[in-house]
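Thanks, everyone. Please have the sequence and the model up on your screens.

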Amino acid sequence: MVAQRLRDYEIVFILTPEANEDEVEAAVERISAFVTDRGGSFGEHEVWGLRRLAYPINKFMEGIYVLANFSLDASDLLELERSLTTSEDVIRHLVTKAIA
C-alpha cells in the first residue's frame, strides 16, 4: 500500500439558516468523521454563526458559516466535495489548500 501524503486544507461551508445548534454540530461531526475515517486529521473548527449572504442561494438570504481546518490525502478530497455538494443542509462550501 502506498503511504498517504496528507495535505492541509481549510474549509468554509454555509448551512441553511434553519439549522439549529445540534444540526450544525452534526454537520461538523459528519465532515470530521469523513476525514478521520480516511486517515486524515480534523483540527479546530469555528462556527461564525448566522450571516447575510451577498446574493440569494437556494432562496436563502442568510446562512450559518463554519470554518474548519483538516489534513487529508488529495485523492480523497474529490469525494469529500462530492458529499458536501449532495448534502441537503450545506448550501455552499469552499475548500482551499492551507499555506504553511
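First, the labels. Helices, H, and strands, E, are DSSP runs, and they are numbered from the N terminus. With those labels, Ser 87 sits in the loop between H2 and E4. Keep in mind that this is a predicted model.

Let's stay with Ser 87. Is Ser 87 buried or exposed? Its relative accessible area is 15%. The cut-off for buried is under 20%. So Ser 87 counts as buried. What does the side chain of Ser 87 make a polar contact with? The partner is the side chain of Asp 89, at 2.5 Å.

H2 covers residues 74–86. Which residues of H2 are buried? They are Asp 76, Leu 77, Leu 80 and Leu 84. Around the helix axis these residues span an arc of only 115°, which means that they lie on the same side of H2. Now turn the helix over. Ser 75, Leu 78, Thr 85 and Thr 86 are on the other side of H2, and they are exposed.

What covers the buried residues of H2? The cover includes three strands: E1 at 6–15, E3 at 60–73 and E4 at 90–97. It also includes helix H1, residues 21–37.

Now zoom in on E2 and E3. How many bridges join them? There are 10, in the antiparallel sense. Two partners to find on your screens. Val 47 has Val 66 in E3 as its bridge partner. Arg 52 has Glu 62 in E3 as its bridge partner.

How do the helices sit on this?

Next, the turn. E2 and E3 form a hairpin with 2 residues between them. Here is some background on the backbone. Most residues other than glycine have a negative phi. Now look at Asn 58, in the loop between E2 and E3. Asn 58 is not a glycine, yet its phi is positive, about 50°. Asn 58 is also exposed, with a relative accessible area of 56%. Then there is Lys 59. Lys 59 is in the loop between E2 and E3 too. Its phi is near 70°, again a positive value in a residue other than glycine. Is Lys 59 buried or exposed? With a relative accessible area of 84%, Lys 59 is exposed.

Now the aromatics. How many aromatic pairs does a search of the whole structure find? It finds 2. One of them is Trp 48 with Tyr 65. Their ring centres are 6.3 Å apart. Their planes are at 20°, and under 30 degrees counts as stacked. So this pair is stacked. Trp 48 is in strand E2 and Tyr 65 is in strand E3, so the pair ties together parts 17 residues apart in sequence. Accessibility separates the two. Trp 48 is partly exposed, at 32% relative accessibility. Tyr 65 is buried, at 18% relative accessible area.

Last stop: Asn 69, in strand E3. At 32% relative accessibility, Asn 69 is partly exposed. What does Asn 69 contact, leaving aside its neighbours within four places in sequence? The list is Tyr 9, Glu 10, Phe 42, Gly 43 and Glu 44. One distance to go with that. Asn 69 and Ile 14 are 55 residues apart along the chain, and their C-alpha atoms are separated by 15 Å.

That's the tour. Over to you for questions.

Definitions and conventions. Residues numbered from 1 in each chain as written. Predicted model: local features only at pLDDT ≥ 70, side-chain atom pairs only at ≥ 80, totals over all residues. Heavy atoms only, no water. Buried < 20%, exposed > 50% of the residue type's maximum accessible area, 1.4 Å probe, protein only. Helix = DSSP H or I, 4+ residues; strand = E, 2+ residues; numbered from the N terminus. Arc of directions from axis to C-beta. Contact = heavy atoms within 4.5 Å. Pairing = 2+ DSSP bridges. Polar contact = N/O pair within 3.5 Å; in protein donor to acceptor, adjacent residues only side chain to side chain. Phe/Tyr/Trp six-rings, centres within 6.5 Å; stacked < 30°, edge-to-face > 60°.
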